[in-house]
Amino acid sequence: MMTDALAVRIARYALPIGVLALVVCGPLLWFVPRIPVPDAASAKPLLRFTYAIAVAAWALQLQLAGGIAPIVRAVAAREAPSQLGALWLGLAGLVRAVLPTALVVAAIAIGALALVVPALCLVVLLALATASPAAGLPAPLVDSIRVVRAHLRPIAIVVAAIVIVDVGLAVAAQLAIGPALSKKPTVAELGAFRELARVVAIGVAIVSPFAATVLAALRARYD
């Protein structure tokens, strides 16, 4: 995935990477804590929304990978941008990754309308699109497919691990918090559904920079 030396050099840019993660995950962290305690009718929809957050984490991580990729490429090339320079590289990468991320999400959504298997295949094949240095659409998507096909097994394993961690956040949080509804739910029972959403949102924000950095490092490795 990445050598120890490369990982150490990337870790030196934890601060700008963290700022980029806040930019990407900030709206989620702002919105979810403002969700009110649900009533009995809206508790289960809130639970479904919480799992949707875990699934949508993949899109956030793709977007974030687009910001982290220029930093990783600079580090892999043994360049040494300043912390501020790395931040500017990352912000420019985030802007550049908006359209590729939207296209990847749209492609996966269309694939999901057909069958689950095509959608899962697209998740893997397009995993490196936002981390691609290729310019102009659809070049990043084509580049990702080319690289993934050439190195399918290691990339598929990494992508599967990321998706499992994302969804596992919601499953583990639900098991730990255990929101459940009685016939006459109490405020505490209903509040647990909101707490679950908050915990999953925070978990996604914590995991995302690591997942995005791994995707960016994979693309740099197979450059």
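Me: Where does Arg78 lie?
Reply: Helices here are DSSP runs of H or I with at least four residues, and strands are runs of E with at least two, numbered from the N terminus. Arg78 sits in the loop between H3 and H4. This is a predicted model, in which local features need pLDDT of at least 70 and side-chain atom pairs count only at pLDDT 80 or more, while totals for chains, interfaces and linings use all residues. Residues are numbered from 1 along each chain as its sequence is written, and side-chain values use heavy atoms, with hydrogens and water left out.

Me: What is the phi of Arg78, and is Arg78 buried or exposed?
Reply: Most residues other than glycine have a negative phi, and most peptide bonds are trans. The phi of Arg78 is near 65 degrees, a positive value in a non-glycine residue. Buried means under 20% relative accessible area, exposed over 50%, and partly exposed in between, with a 1.4 Å probe and protein chains only. Arg78 has a relative accessible area of 67% and is exposed.

Me: Which residues does a cis peptide bond join?
Reply: The cis bond links Leu137 and Pro138, with omega about 5 degrees. Pro138 belongs to the loop between H5 and H6.

Me: How should I read H6, and which of its residues are buried?
Reply: One may begin with the span, whose expected value is 1.5 Å times one less than the number of residues. H6 has twelve residues and reaches 17 Å from its first C-alpha to its last, close to the expected 16 Å. Its buried residues are Pro140, Leu141, Asp143, Ser144, Val147 and Val148. They lie on the same side of H6, because they cover an arc of only 160 degrees around the axis; the arc is that of the directions from the helix axis to the C-beta atoms. On the other side, Val142, Arg146, Arg149 and Ala150 are exposed. Ala150 has a relative accessibility of 57%, and its C-alpha is separated by 9.1 Å from that of Tyr222, 72 residues apart along the chain.

Me: Where does H2 bend?
Reply: A bend at a residue is the angle between axes fitted to the seven residues ending there and the seven starting there. H2 bends by about 55 degrees at Cys25, and Pro27 follows within four residues. The helix has 18 residues and reaches 25 Å between its first and last C-alpha, close to the 26 Å expected. Its buried residues include Ile17, Leu20 and Val24.

Me: How many disulfides does the structure hold?
Reply: A disulfide is a covalent bond between the sulfur atoms of two cysteines; here the criterion is a pair of such atoms within 2.5 Å. The structure holds zero disulfides. Cys25 is buried at 1% relative accessible area, whereas Cys121 is partly exposed at 41%.

Me: Which residues have the most contacts inside the largest nonpolar core?
Reply: A nonpolar core is a set of buried Ala, Val, Leu, Ile, Met, Phe, Trp, Tyr and Cys residues joined through side-chain atoms within 4.5 Å. The largest has 47 residues, and Trp58, Ile68, Ile155 and Leu215 have the most contacts inside it. Helices H1 (4-11) and H8 (187-221) are among those that each supply at least two residues of this core. Apart from it lies another core of 18 residues, among them Ile53, Ala170, Ala201 and Val204.
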